[in-house]
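Subject: Structure handover

Hello,

Here is the structure we spoke about, with the sequence alongside. My notes on what turned up in it follow below.

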Amino acid sequence: MNTAIATPANDVRANILATGQRIMAGKGYSAVGLNEILTAAGVPKGSFYHYFGSKDAFGEAMLQNYFDDYLAEIDRTLAEPGLTMAQRLMNYWQAWQAAQSFEDCQGKCLAVKLGAEVADLSEAMREVLRRGTAGIVSRLTAAIDAGVSEGSLAIEGDAATAARNLYQLWLGASIMVKIERTTAPFATALLATRQMLQLAP
């Protein structure tokens, strides 16, 4: 098993990625220049190009880092002991709602914020988004299947379709939250999720 060893070089790269993720989650990809990221990170431009060949290469690495963390968090949520799978899934949606604040998501809403924008700018970034979102849907599919098997939830049709529909529902709700500057779309999404999983209100 390979484990990353923390070194000063790794720390610099991680600092650039974390800083860029936080800023771009607030402003978008195209609106943020490298100088803004490097100034906030306290890193000279030469250090940036040591780790990333271009802004798009940085964007690709940033999205990959984001999804690595996000998928690990989903895995923890969907494996939480002492709960039914239905409870774990509802905890996931509650965590989604908490992370996707229209005021300040602290870099946690990167896929929602950048998805449509960077998919049209860079094929490499679009592919990272595709793999990352596919990983989310795959985990939701497995969780729904497990919930059906244990009897904590029920669905019409197959788990993969339900998982895709739910993920797309919450993506849409996240965009509407930003447009309306209210969390009401999340309340609607939560109700629809309960209905789709045939859970009591």
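**Salt bridges**

K27 counts as partly exposed, because its relative accessibility is 48%. Please keep in mind that this is a predicted model. K27 forms a salt bridge with E36, and the closest N and O atoms of the pair are 2.5 Å apart. E36 is partly exposed, with a relative accessible area of 29%.

The count of salt bridges comes to seven. Another one of them joins D75 to R139, with 2.8 Å between the closest N and O atoms. D75 lies in helix 4 (residues 55–77) and R139 in helix 7, so this pair ties together parts that are 64 residues apart in sequence. D75 counts as partly exposed at 36% relative accessibility, and R139 counts as partly exposed at 27%.

Helix 7 also holds the pair E127 and R131, whose residues are four apart and therefore separated by about one helical turn. Their side chains meet in a salt bridge at 3.8 Å, N to O. E127 counts as partly exposed with 22% relative accessibility, and R131 counts as partly exposed with 39%. Both belong to a network of salt bridges that links E123, R126, E127, R130 and R131.

**Packing of helix 5 and helix 7**

Two packed helices are described by the angle between their axes and the distance between the axes. For helix 5 (residues 85–99) and helix 7 (residues 123–150), the angle is about 145° and the axes are 8 Å apart. Helix 5 contributes M85, A86, L89, Y92 and W93 to the contact, while helix 7 contributes I136, L140, A143, I144, A146, G147 and E150. Sorted by class, the residues of this contact are ten nonpolar, one polar and one charged.

L190 sits in helix 9 (residues 184–196). Is L190 buried or exposed? L190 counts as buried, because its relative accessibility is 16% and the cut-off for buried is under 20%. Apart from neighbours within four places in sequence, L190 is in contact with M90, W93, Q94, Q97 and W170. For a distance across the chain, the C-alpha atoms of L190 and E73 are separated by 20 Å, and the two residues are 117 residues apart along the chain.

**Surface patch**

I175, M176 and I179 form a nonpolar patch on the surface. Together they have about 280 Å² of accessible area. M176 is placed in helix 8 (residues 159–180). M176 is partly exposed, with a relative accessible area of 34%.

**Backbone angles to check**

Most residues other than glycine have a negative phi. Which residue in the loop between helix 8 and helix 9 is of interest here? R181 is placed in that loop, and its phi is near 55°, a positive value in a residue other than glycine. R181 is exposed, with a relative accessible area of 52%.

Q198 has a positive phi too, of about 55°, although it is not a glycine. Q198 is found in the segment after helix 9. Its relative accessibility is 45%, so Q198 counts as partly exposed.

Regards

Notes: Residues are numbered from 1 along each chain as its sequence is written. This is a predicted model: local features need pLDDT of at least 70, side-chain atom pairs count only at pLDDT 80 or more; totals for chains, interfaces and linings use all residues. Side-chain values use heavy atoms; hydrogens and water are left out. Axes are lines fitted to C-alpha atoms, for helices over the stretch in contact, and angles run from 0 to 180 degrees between N-to-C directions. Helices (H or I, at least four residues) and strands (E, at least two) are DSSP runs, numbered from the N terminus. Contact means heavy atoms within 4.5 Å. Ala, Val, Leu, Ile, Met, Phe, Trp, Tyr, Cys and Pro count as nonpolar, Asp, Glu, Lys and Arg as charged, and the others, Gly among them, as polar. Buried means under 20% relative accessible area, exposed over 50%, partly exposed in between (1.4 Å probe, protein chains only). Patches are made of residues with over 30% relative accessible area and no salt bridge: like charges are joined within 9 Å, nonpolar side chains (Val, Leu, Ile, Met, Phe, Trp, Tyr) within 5 Å. Accessible areas come from the Shrake-Rupley method with a 1.4 Å probe; for residues, only the protein chains shown count as cover. A salt bridge is a side-chain nitrogen of Lys or Arg within 4 Å of a carboxyl oxygen of Asp or Glu.
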